Amino acid sequence: MKKTAAPMLKCVVNGVKVSRAIDSGLTLSDFLRGELHLTGTKTGCNQGECGACVVVVDGKAVNSCLYMAVQANGKKVITIEGLKGKNGDPHPLVQAFADEGAVQCGFCTPGMIMSAYALLLANPAPSRAEIKQALSGNICRCTGYEMIFSAVEKAAGLLRGRGGK
Amino acid sequence: MIPVTVVQPKKLSGVWAAARAAKGGFKFLAGGTDLVINARHGKNAHRVWIDISGLKELKGITEGRDKIRIGAAETAAAVCSSPAVRKWLPALAQACRHFASPPLRNMATLGGNCANASPSADAACALCAEQAAAVISRAGKIRRVAAESLFLGPKHTALSPDDLILAFEFPRRAHRGVFIKLGARESFAISKVSAAVAAELRNGVVCSLSIRLGAVGPKIVRPESAEKLLLGLRPGAAAIADAARLCAEAVSPIDDVRSTAAYRRDMARVISKRALEAVLLKTS
């Protein structure tokens, strides 16, 4: 097949405008990790089962391993690297995960935090059941789920205390 | 990296030009949640994917005077959070709420769930129970067919490669509906058995009823004898139990990684009974 010109990907990643020619066969996880060197996003199963690759696109959690990079055209992408607290502090979700012992090997953590971030954007005061539901596409093989749910509850409280964000 | 060129027409009219230009054949890319996985497993015969996920002609959920229309590129998450779908298409709303996982529901589309034609596709099962018509375009020529008629067998549809599902349309009718699935876990599990039921009752009498069962045959199963048994009745527990037995007789399940044929057949009875009880015995 005739090779056509590489398409342009124009999007905003973690608040920074990105505009570059890419191979359209790249998934968003390939692009974030391989091209932008944002390696906080993990690829585990590469088939949408484990949730390690979850990032937030236009406010919604997606599996970046199955999302073609060009589909992010014109959209806002947030990865774990984009979560920042005030005055250089860690983001409340990141802090709460550390405080609650919600991190064991750490491989699932970025995906867990991004799924939780999307949940809190839509629902700032989720019940424990809603937290479990929102994280049901993220697998932790160290199986520390209870601490993870507690961390999300705690972060939700911290974020409400400072008026969202 | 996936060995494919993704093209992104800006408008629906650009899709047909892209299709003509793709000499070696092409696939439509919507949510990608099946297509990308298949490609990673080497099951991608096409070197061109035409991305239709952003086309506004395939978006929107609208409530008309006599029908509800859902754009085929609407995601499962958008469908189950739509007030119009919750009000008018309860079985479909429930199917989309229990489908896959939260991030996959933000990607996977109604059109893709249908075109992929898995016999265990939850949304496709509910589409059939809700009497969906698929609005299909081939090179701009539009036709409407019953969504159910698209399914021919596992992963096999009546769609030709250049048929694009634009939307699904449903009669706007007040009715009761439910979708129940049985998987290995409560969340994020492909159905071993699923049931979608939609019914209209007048003074307690069943005046229309559709029952569809997923993951228990090569395509979505319609247990017509069970529908006929209940139609015109004011059903009680005994009639529902009889209908559920007829549902189990109508299925032709297989043994596979998720379950056994014998278990699926028995659970087809149990799940059908629960679904029929939820729809026909509730008092409100």
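**Exercise 1. Identify the residues with the most contacts inside the largest nonpolar core, and the element that gives the core its largest share.**

The model is predicted, so local features need pLDDT of at least 70 and side-chain atom pairs count only at pLDDT 80 or more, while totals for chains, interfaces and linings use all residues. Residues are numbered from 1 along each chain as its sequence is written, with chains lettered from A and ligands numbered from 1 in the order in which they are written.

A nonpolar core is a set of buried Ala, Val, Leu, Ile, Met, Phe, Trp, Tyr and Cys residues joined through C-beta atoms within 7 Å, where buried means that 20 or more other C-beta atoms, placed from the backbone, lie within 10 Å of a residue's own. The largest such core has 156 residues, and those with the most contacts inside it are A:Ala116, B:Ala91, B:Leu92, B:Ala123, B:Phe168 and B:Val197. Its largest share, eight residues, comes from helix α3 (residues 109-122) of chain A, a helix being a DSSP run of H or I with at least four residues, numbered from the N terminus.

**Exercise 2. Determine which residues A:Ala116 touches.**

Contact requires C-beta atoms, placed from the backbone, within 7 Å. Leaving aside residues up to four places away in sequence, A:Ala116 touches A:Leu93, A:Ala134, A:Leu135, A:Val152 and A:Ala155.

**Exercise 3. Describe how α2(A) packs against α3(A).**

Helix α2 (residues 92-99) of chain A packs on α3(A) at about 130 degrees, with the axes 10 Å apart. This makes the pair oblique. Across the contact, A:Leu93, A:Val94 and A:Phe97 of α2(A) meet A:Thr109, A:Ile113, A:Ala116 and A:Tyr117 of α3(A).

Technical notes: Buried ≥ 20, exposed ≤ 12 C-beta atoms within 10 Å, placed from the backbone. Helix = DSSP H or I, 4+ residues; strand = E, 2+ residues; numbered from the N terminus. Contact = placed C-beta atoms within 7 Å. Axes fitted to C-alpha atoms, helices over the stretch in contact; angles between N-to-C directions. Parallel < 35°, antiparallel > 145°, perpendicular 65-115°, else oblique.
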